[in-house]
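This report describes a single protein chain for a reader who works with coordinates. Please keep the sequence and the model side by side while reading.

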Amino acid sequence: EELERRLAAVESQLLGISDLSISLQRERSPELPPVEATAGRLIPALNLPLETILDVYFNAPVLLEPFSRPCAISAKTLTDQIDSVVLEVSKYAMTWVIETGDLGWLLIPRPGLLERTHQLQALTRLFEISGSDCLPVTLQLRRPAVLASVILGQKWQLVERGILDVNPDPTQVSLSERFLKIENRV
């Protein structure tokens, strides 16, 4: 019991150190509601339903950044040394992992990076892409991928692939993007 208690204390310290390096790069404090039990952490868990998370992602993705950890597919996964898809914290990553209260760990593409076709191969390991015959185009998030924690806050395994779509849903496009398109047309 003493060893388990000490191990839990060490794991929480390691998570704090890992989160500190990520949060030092950010200037923004969380503006969305965190899960109360995690509110004291540097990167708290997000306390919102999936529909609200997607709405925030489409309209103001910068609000999700304080709750996210940048991650990339591990080298072992890329070189096919392991069968499963494993992701690790990475400073320069194209995806974010967000811990949520009810939904667990969610994986979303980093905003602004979905237009790059050279990342398509990595995205196809993490997301199903509907309408991919006519690439390159802007991809839109339909459903985040679901992850399971392997090493708390540092390494995850893909449980369920997310969905990206080539054809944007007009109801899910950001209001600022819609206004910009109208303004350009006028």
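## Basis of the model

The structure is a predicted model, in which local features need pLDDT of at least 70 and side-chain atom pairs count only at pLDDT 80 or more, whereas totals for chains, interfaces and linings use all residues. Residues are numbered from 1 along each chain as its sequence is written, and side-chain values use heavy atoms, with hydrogens and water left out.

## Overall composition

The secondary structure of the protein chain comes to five helices and nine strands, where helices (H or I, at least four residues) and strands (E, at least two) are DSSP runs numbered from the N terminus. Along the sequence these elements follow the pattern α-α-β-α-β-β-β-α-β-β-β-β-β-α.

Of the 186 residues in the protein chain, 37% are buried; here buried means under 20% relative accessible area, exposed means over 50%, and partly exposed lies in between, with a 1.4 Å probe and protein chains only. The accessible surface of the chain comes to about 11,000 Å², and 53% of that area belongs to carbon and sulfur atoms; the areas come from the Shrake-Rupley method with a 1.4 Å probe, and for residues only the protein chains shown count as cover. Among contacts between residues at least 6 apart in sequence, 57% join residues at least 24 apart, a contact being heavy atoms within 4.5 Å.

## A three-strand sheet

Three strands form an open sheet in the order S5-S9-S6, with mixed pairing; two strands pair if DSSP finds at least two bridges between them. Strand S5 (127-130) and strand S6 stand at the edges, each with a single partner strand, so one side of each is left without a neighbour in the sheet. The twist averages 30° from one strand to the next, with axes taken as lines fitted to C-alpha atoms (for helices over the stretch in contact) and angles running from 0 to 180 degrees between N-to-C directions.

S6 and S9 pair in the antiparallel sense over three bridges, and Leu141 stands opposite Leu164 in S9.

## Salt bridges

A search of the whole structure finds five salt bridges, each defined as a side-chain nitrogen of Lys or Arg within 4 Å of a carboxyl oxygen of Asp or Glu. One of them joins the side chains of Arg142 and Asp165 at 3.1 Å, N to O. This pair links distant parts of the chain, with Arg142 in strand S6 (residues 140-143) and Asp165 in strand S9 (residues 162-165), 23 residues apart. Arg142 counts as partly exposed at 26% relative accessibility, whereas Asp165 counts as buried at 13%.

Another salt bridge is formed by Glu160 and Arg143, with the closest N and O atoms 3.2 Å apart. Glu160 lies in strand S8 (residues 155-160) and Arg143 in strand S6, so the pair ties together parts that are 17 residues apart in sequence. Glu160 is partly exposed, with a relative accessible area of 37%, and Arg143 is partly exposed as well, at 28%.

## Asp80 and its partner

Asp80 is found in the loop between helix H3 (75-78) and strand S2 (86-89), and Asp80 is exposed, with a relative accessible area of 57%. The phi of Asp80 is near 60°, a positive value in a residue other than glycine. As background, most residues other than glycine have a negative phi.

The side chains of Arg125 and Asp80 meet in a salt bridge at 3.9 Å, N to O. Arg125 lies in helix H4 (residues 120-126) and Asp80 in the loop between H3 and S2, so the pair ties together parts that are 45 residues apart in sequence. Arg125 is partly exposed, with a relative accessible area of 24%.

## A buried residue and a surface patch

Ile53 is found in helix H2 (residues 50-59) and is buried, with a relative accessible area of 3%. Not counting residues up to four places away in sequence, Ile53 touches Leu46, Leu48, Leu64, Thr100, Leu103 and Leu106. The C-alpha atoms of Ile53 and Leu32, which are 21 residues apart along the chain, are separated by 9.9 Å.

Phe179, Ile182 and Val186 make a nonpolar surface patch of about 370 Å². Patches are made of residues with over 30% relative accessible area and no salt bridge, where like charges are joined within 9 Å and nonpolar side chains (Val, Leu, Ile, Met, Phe, Trp, Tyr) within 5 Å. Ile182 is found in helix H5 (residues 175-185) and is partly exposed, with a relative accessible area of 41%.
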